[in-house]
Each structure stands twice: as structure tokens, then as C-alpha cells.
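Colleague: I am new to this model. Please take a close look at its charged side chains, and at how they pair up.

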Amino acid sequence: MPDAFTPEFEVARYEGLGLGDGDVVLPVCPVSFRDFMLFEKHAVDAARGMARRFIPAGYRVGQVYEALTRRVFPAFRPNALWYRQPIYYMSNALTIVPSGTPVGFPAYSRALDFELELGVVLSAPLRDASVEEAAAAIGAVVVVNDFSARDVQLAEMRSGFGPQRSKHFVSSMSATAVSGAAVADRLDQLTATVSVNGNILAHTGTRDMRYSITEAVAHVSRSEQLYPGELLATGTLPGGSGMELGHWLTSGEELRLEIDGIGVIEHSIR
């Protein structure tokens, strides 16, 4: 392979995906990928969905607890650190594919899931940035899809090291990007939809983040140098994953994730 992040390197990546002249490519080829979890509703509903499929006895206990107390079952709530600061993991920027690329199950998983997210790409370096400086450094806004192998994820999370094979095999991005300045005043007001085989499964959006994406970017920059080209995503919008919706991807399905005014991600599932 050519040196990373050169035009020749990107062409080689697309050739490896089987994309030819005229096919959709990434609007931005990020040099890194940090993925937050900024929505409490997603965190709670995803925990319920994970338990429902993989820990049914625990799910039933949680159902009884919630029915009796009218409160969220403690095991379904985010970790205490989540309420004190934005949390994130480092994913694999080199396995991001463009919208339209057919995606198959990794060989080690039988529970492929999608995650509809909003992503921002830096156009300026940051270090110890204020929220205002972080906002000014957002050069592009994109739609991100964080594919996940859910049957692998639970054990990896329990390891204490966070997601690994459950996340790094592939992610995807919309074919379009919007200028950060064009949507700076409404990053927390965007609407979105999830569709499978032409049927809308969820209407969602970017409201009700625990921390704004600019607060999250500023947090990452504390005593850490950030560079142009780095991608940071909000984490899954509420109702933006199959685990929350009770819909698990199967071969032959057509997935469509859209954030209005930003872009669309579409994949055939193999």
C-alpha cells in the first residue's frame, strides 16, 4: 500500500472495496475516529435491548423492577462517569467505507447491528480549547454509521478495555458533508430517520444530548493535541440502532440512515 492518507493510498483503499470510477467515495478521509455516547436515552434503551437478546433472565428482572418502581433499572443506566464527563472510545478510521458499499457480517458474529450518528471533522488544530474554539474548528459535518457485532461486544466491554472486534471491522460515512459553519447553530436540532427495506423504523434526531458535540470536542482537547482531519461522532441517536428497535439485520436487507440536511448512508447487507 502507498503511504497513508495520500491520494494514492485512498485510491488503493477504494480499489480494495471493489469501487470503480464514478462510484461514491468518502467526502472526508479521517485520520482518526473517536466515538462518544452523548444520549442517555440511547444508552438505556440499548442496554435493555442487549439484555433482552443476550441476558434474558436479567432483562426480566429489569422489567419487574421498572414496573414496580417506575424508575430505570440501575444496570440499564450509564456508568457514573458518564454523568460527569463525555466518554468515548477510539475506533478504526481506516475501516470507514462510503455509503453504498455492500456490508457483510464479520466471520465471528451472528448479530450485526447499525448505529446512526452525527459526525464532525476538525479543520483546525485544537488544544485546551474552549467550547467556542471547538465550534469554530468544526470544518465538516457528516452522517456516521458505527456497525457493531453485538454478540461480541458484551464480553469485550466486561473486559475493561472497551470494544475491539465488535466495532473495528467496519464503519461508514455519508457521501456528502456539510460545512460546519452552515449548521453550527442547529447541531442539536437535526432530525433523522432509520429505514430498512423502505420501511421507516424510527424518527429520531440530535436533541437531548447530555453534552453538546462542541463540549465533547473541547473535553477531548484538554492537555491533548487534536489535528485537522480528526473525526468525532456523537454516538447513536436515540432509536438509531437495531438493538433498541428490536430489529436485527439479516442478509438481503437494504439499510438507509438519514440526517436531514446532512446526508444519507445506504448499504445492502450481505
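Modeller: One definition comes before the rest: a residue is buried under 20% relative accessible area, exposed over 50%, and partly exposed in between. The model itself is predicted.

The side chain of R256 meets that of E258 in a salt bridge, 3.0 Å from N to O.

Why might such side chains pair at all? Opposite charges can pair when the charged atoms come close. Across the whole structure, a search finds 13 salt bridges.

Now go to D113 and R150. Their side chains form a salt bridge, with 2.9 Å between N and O. D113 sits in strand β4, residues 112-113, while R150 sits in helix α5, residues 150-158. The two are 37 residues apart, so this pair links distant parts of the chain. Is D113 buried or exposed? At 0% relative accessibility, D113 is buried. R150 is buried too, at 2%.

Next comes K167 with E115. Here the salt bridge spans 2.4 Å, N to O. K167 lies in the loop between α5 and β8, the latter covering residues 171-173. E115 lies in the loop between β4 and β5, where β5 runs over 116-122. The pair therefore ties together parts that are 52 residues apart in sequence. K167 has a relative accessible area of 4%, which makes it buried. E115 also counts as buried, at 4% relative accessibility.

One more charged side chain deserves a look: R53. R53 lies over the face of W248, 4.5 Å from the ring centre. F54 belongs to helix α2, residues 40-54, and W248 to the loop between α8 (242-245) and β13 (254-259). That pair therefore ties together parts 194 residues apart in sequence. F54 is partly exposed, because its relative accessibility is 28%. Elsewhere, Y65, F73 and F76 form one aromatic cluster.

Note on methods. Residues are numbered from 1 along each chain as its sequence is written. This is a predicted model: local features need pLDDT of at least 70, side-chain atom pairs count only at pLDDT 80 or more; totals for chains, interfaces and linings use all residues. Side-chain values use heavy atoms; hydrogens and water are left out. Helices (H or I, at least four residues) and strands (E, at least two) are DSSP runs, numbered from the N terminus. Buried means under 20% relative accessible area, exposed over 50%, partly exposed in between (1.4 Å probe, protein chains only). Rings of Phe, Tyr and Trp (its six-membered ring) pair if their centres lie within 6.5 Å; planes under 30 degrees apart count as stacked, over 60 as edge-to-face and the rest as tilted. A charge sits over a ring if NZ of Lys or CZ of Arg is within 6 Å of the ring centre and within 35 degrees of the ring normal. A salt bridge is a side-chain nitrogen of Lys or Arg within 4 Å of a carboxyl oxygen of Asp or Glu.
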